[in-house]
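Here are a few notes to read alongside the model. Please keep the 3D view open and find each part as you go.

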Amino acid sequence: MTQPEDTYRIRRLEAEEAEWAAELEAACFTDPWSRESLAEGLKTGRFFCLLAEQAGQPAGYCLAQLVLDEGELLRIGVAPSARRRGLGRSLLRELRSQCPQIASWYLEVREGNLPAISLYRQAGFVPSGIRKNYYRDPVENALLMHRKDNMK
């Protein structure tokens with residue numbers, strides 16, 4: 001049986017599958033994290049990662065760091081071929097579902113990344129500050145955003 005084009009399976013990513021996240025990192029970001037740093041963070045439990053796959057291939061992922069009742073959304077990456085189909089929104093929703101203990105979420109996003117900013121605003125995040133010249137390649141400010149009282 002074939003899957004509809006926009007059907008994704010979202011599941012927790014294990015440390016031994018870090019190469020899938022690394023592939024998406026390279027496809028999505030100018031400053032990708034290495035497979036080794038992703039694997040180490042997953043292995044030690046420092047990172048919580050969800051993977052969206054379609055037909056056994058990685059289509060997107062989100063990576064968070066959780067400490068008590070606070071979560072920092074570190075990355076959301078969606079493969080170029082899977083963008084503009086709601087996958088980022090689905091990953092955020094699943095993250096919320098799997099982390100009900102989190103009362104406050106934080107993130108940083110490039111000021112010029114308007115699609116991501118729109119996604120985060122729709123999910124209830126609000127701007128809370130700017131980090132000047134935070135990103136490299138190219139140099140750009142980071143917009144700080146947060147969401148309180150859980151993402152429900």
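1. In what order do the seven strands of the open sheet lie? Keep in mind that this is a predicted model. Reading across, the order is E1-E2-E3-E4-E5-E7-E6, and the pairing is mixed. At the edges sit strand E1 (9–12) and strand E6 (126–135), each of which pairs on one side only. On average, neighbouring strands of this sheet are turned by 25 degrees against each other, direction ignored.

2. Now look at strand E1 and its partner. E1 and strand E2 (residues 48–54) run antiparallel and are joined by four bridges. To find your place, look for Ile10, which stands opposite Ala52 in E2.

3. Next comes a helix. Helix H3 (residues 87–98) packs on the sheet and touches E1, E2, strand E3 (57–67), strand E4 (70–78) and strand E5 (104–110). The direction of H3 makes about 135 degrees with that of E2.

4. Have a look at the loop between E2 and E3, where you will find Ala55. Ala55 is a residue other than glycine, yet its phi is positive, near 55 degrees. Is Ala55 buried or exposed? Its relative accessibility is 63%, so Ala55 counts as exposed.

5. Finally, visit the loop between E6 and E7, which holds Asp137. Here too phi is positive in a residue other than glycine: for Asp137 the value is near 55 degrees. Asp137 has a relative accessible area of 53% and is therefore exposed, the cut-off being over 50%. A cis peptide bond joins Asp137 to Pro138, with omega about -5 degrees. Pro138 has its place in the loop between E6 and strand E7 (140–148).

Conventions:
Residues are numbered from 1 along each chain as its sequence is written. This is a predicted model: local features need pLDDT of at least 70, side-chain atom pairs count only at pLDDT 80 or more; totals for chains, interfaces and linings use all residues. Side-chain values use heavy atoms; hydrogens and water are left out. Two strands pair if DSSP finds at least two bridges between them. Helices (H or I, at least four residues) and strands (E, at least two) are DSSP runs, numbered from the N terminus. Axes are lines fitted to C-alpha atoms, for helices over the stretch in contact, and angles run from 0 to 180 degrees between N-to-C directions. Contact means heavy atoms within 4.5 Å. Buried means under 20% relative accessible area, exposed over 50%, partly exposed in between (1.4 Å probe, protein chains only).
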